[in-house]
Amino acid sequence: MEPAASPATSSSAWATPEAAPQSAVWLGPTLRLSAAELRWRFSRSSGPGGQNVNRTDSRVELLFPLAASASLPPALRQRAMRPLAPRLQDGQLVVVAQEHRSQWRNRQAALERLAALLREAIAPPPPPRRGL
């Protein structure tokens, strides 16, 4: 992942770009998802959190337009559509993170989860086994 943050994904609460979570998603040495294609939604998380739980929008939903992405070549996009079909909503891959108390850590977790899901989905199928 690259530490660049775009204005579309940065929050005004961060003082410097270095403090923002990484917004570009690297799937391989030459394959990168554009940060402009990522959409974020925030809401209040359920569960423990003390007094802060009712004031902070720490639950994160990361949406990636898998069906219409210009970042993925058509062959990889088609390969990823089948295994990720249950997670798609209107052609968008939705990743939710709410296990941490801070929004920043949940953003990091969502980006890491998105990268792992896409890496697994676009991995080439294993070679066929020969009968013994």
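1. **Basis.** This is a predicted model, where local features need pLDDT of at least 70, side-chain atom pairs count only at pLDDT 80 or more, and totals for chains, interfaces and linings use all residues. Residues are numbered from 1 along each chain as its sequence is written, and side-chain values use heavy atoms, with hydrogens and water left out.

2. **Confidence.** The protein chain averages a pLDDT (the predictor's confidence in each residue, from 0 to 100) of 77. A score of at least 70 is reached by 73% of the residues. Over residues 1-20 the pLDDT is below 50. Beyond near neighbours in sequence, that stretch still has 33 contacts in the model. A contact means heavy atoms within 4.5 Å.

3. **Layout.** The protein chain has two helices and six strands. Their order from the N terminus is β-β-β-β-α-β-β-α. Helices (H or I, at least four residues) and strands (E, at least two) are DSSP runs, numbered from the N terminus. Of the contacts with a separation of 6 or more, 59% link residues 24 or more positions apart.

4. **Sheet.** Four strands make an open sheet, ordered S3-S4-S6-S5, with antiparallel pairing. Two strands pair if DSSP finds at least two bridges between them. S3 (39-43) and S5 (88-89) stand at the edges with a single partner strand each, so one side of each has no neighbour in the sheet.

5. **Strand S4.** Five bridges join S3 to S4. S4 (residues 59-64) also pairs with S6 (residues 92-97) over five bridges. Leu62 of S4 stands opposite Trp40, and it also stands opposite Val95 in S6. Glu61 has Val96 in S6 as its bridge partner. Five of the six residues of S4 are buried, so the strand is largely enclosed by the rest of the structure. Buried means under 20% relative accessible area, exposed over 50%, and partly exposed in between (1.4 Å probe, protein chains only).

6. **Core.** The largest nonpolar core has 27 residues. Such a core is a set of buried Ala, Val, Leu, Ile, Met, Phe, Trp, Tyr and Cys residues joined through side-chain atoms within 4.5 Å. Leu27, Phe64, Leu114 and Leu118 have the most contacts inside it. S4, helix H1 (74-84), S6 and H2 each supply at least two residues of this core. H2 gives the largest share, nine residues. In soluble globular proteins, nonpolar side chains tend to be buried together.

7. **Phe64.** Not counting residues up to four places away in sequence, Phe64 touches several residues, including Leu33, Leu38, Leu72, Leu93, Leu114 and Leu118. Its neighbours also include Glu37, Ser69, Gly91 and Gln92.

8. **Surface.** Buried residues make up 39% of the 132 residues in the protein chain. The chain exposes about 8,200 Å², and carbon and sulfur atoms supply 53% of it. Accessible areas come from the Shrake-Rupley method with a 1.4 Å probe; for residues, only the protein chains shown count as cover.

9. **Asp90.** This residue is found in the loop between S5 and S6. Asp90 is exposed, with a relative accessible area of 84%.
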